[in-house]
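Good morning, colleagues. Please look at the structure on the screen while I go through its charged pairs and its metal site.

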Amino acid sequence: MAESHRFGFVTILGRPNVGKSTLINQFIGKKISIISSKPQTTRHRILGIRTSEQAQTVFIDTPGVHQNQKSYLNKIINRTASSSLEGVDLVLFMVTADGWREADETAFQLVKRDDLKVIVVINKIDRLDDKNKLLPLIERISQSGEIEAVIPISALRRKGVKELMGYIERHLPEGLPGFPKDQVTDRSPEFMAAELVREQLFRRLGQELPYVCAVEIESFAKEKHRLNIHAVIWVEKPGHKAIVLGKNGSSIREIGKKAREGMIKMYNSPVYLGLFVKVREGWSENPRVMKTLGYID
Ligand SMILES: Nc1nc2c(ncn2[C@@H]2O[C@H](COP(=O)(O)OP(=O)(O)OP(=O)(O)O)[C@@H](O)[C@H]2O)c(=O)[nH]1
Ligand SMILES: [Mg+2]
């Protein structure tokens, strides 16, 4: 191994929905974090590990930092995001090309610290009709505080992603890899299965419902050549259950079908997926339940 091998941790942080998980998946070249067009899709801290010839970069995907701190779940989620900044070598603070909003400012307060090296990544530049509009934004960002660099990209269209990756690797400290070179995440196959179900809830249910749903894997077992997975979708009220099931079970069937397709791809194996919808009132306000569901360590 070359002497100048680099190793380090990079946290991706920003308000919800800016494209943090899309970028981490592009860096790793695999789906390790779920994506939807709704804010607050990511709820956990997830590591994505990228190993190249010259460096190993450990990315930390975080839940979007949001302003509404009223609910217990929201508080836990913000705590997860800010605790992911401890001891990291670089922070990618992500905003979008349509401008610096109040929500960006709130999230930015978390990274304004002397001990953090911050790169501002402007995502979704594919949406800009006129690239000249970027200049005032870059200027605005440069005035926000101590920033190492401002880098515009499109995570979705892979524009600028390779250049950003190169920049990151060059700015990591020297060090040997901390993880086996074929490891891409710290999360278990069971966790990924629950996430793939949650992704479909976010994609297929209306505006409010995904936020009162949680997914728990009851069993995950290999039987001959097939993976048998049983999952429970927890909701807060009987009315929610009826919506998740849909007319004659049409909604849950579609959720199961799409989640199963994702699992087949992820595990490269045939999958049986059994889904159950259960009501547990107030799960998101109950610390013990939150612990069981993996929101608190
Ligand atoms: N047009 C465009 N859309 C993008 C780009 N990157 C991500 N998106 C979309 O933006 C939405 C949010 O993406 P995510 O990756 O889930 O965003 P996130 O920041 O992880 O969101 P939270 O986990 O909710 O905080 C999805 O619909 C993505 O397809 C991009 O470069 N261009
Ligand atoms: Mg995300």
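**Salt bridges and the magnesium site**

Glu-218 is partly exposed, with a relative accessible area of 48%; by that I mean between the limits for buried (under 20% relative accessible area) and exposed (over 50%), using a 1.4 Å probe and protein chains only. This is a predicted model, in which local features need pLDDT of at least 70, side-chain atom pairs count only at pLDDT 80 or more, and totals for chains, interfaces and linings use all residues. Residues are numbered from 1 along each chain as written, chains are lettered from A and ligands numbered from 1 in the order written, and side-chain values use heavy atoms, without hydrogens and water.

The side chain of Glu-218 forms a salt bridge with Lys-278, at 3.9 Å from N to O; the term requires a side-chain nitrogen of Lys or Arg within 4 Å of a carboxyl oxygen of Asp or Glu. Lys-278 is partly exposed as well, at 33%.

The structure holds 15 salt bridges. Among them, Arg-140 pairs with Glu-105, the closest N and O atoms being 3.5 Å apart. Arg-140 has a relative accessible area of 36%, and Glu-105 has 25%.

Which protein donors does the magnesium ion have? They are Ser-21 (OG) and Thr-42 (OG1), lying 2.0 to 2.1 Å from ligand 2. Donors are N, O and S atoms within 2.8 Å of the metal (3.2 Å for Na, K and Ca); water is not among the atoms, so sites may look incomplete. Both Ser-21 and Thr-42 are buried.
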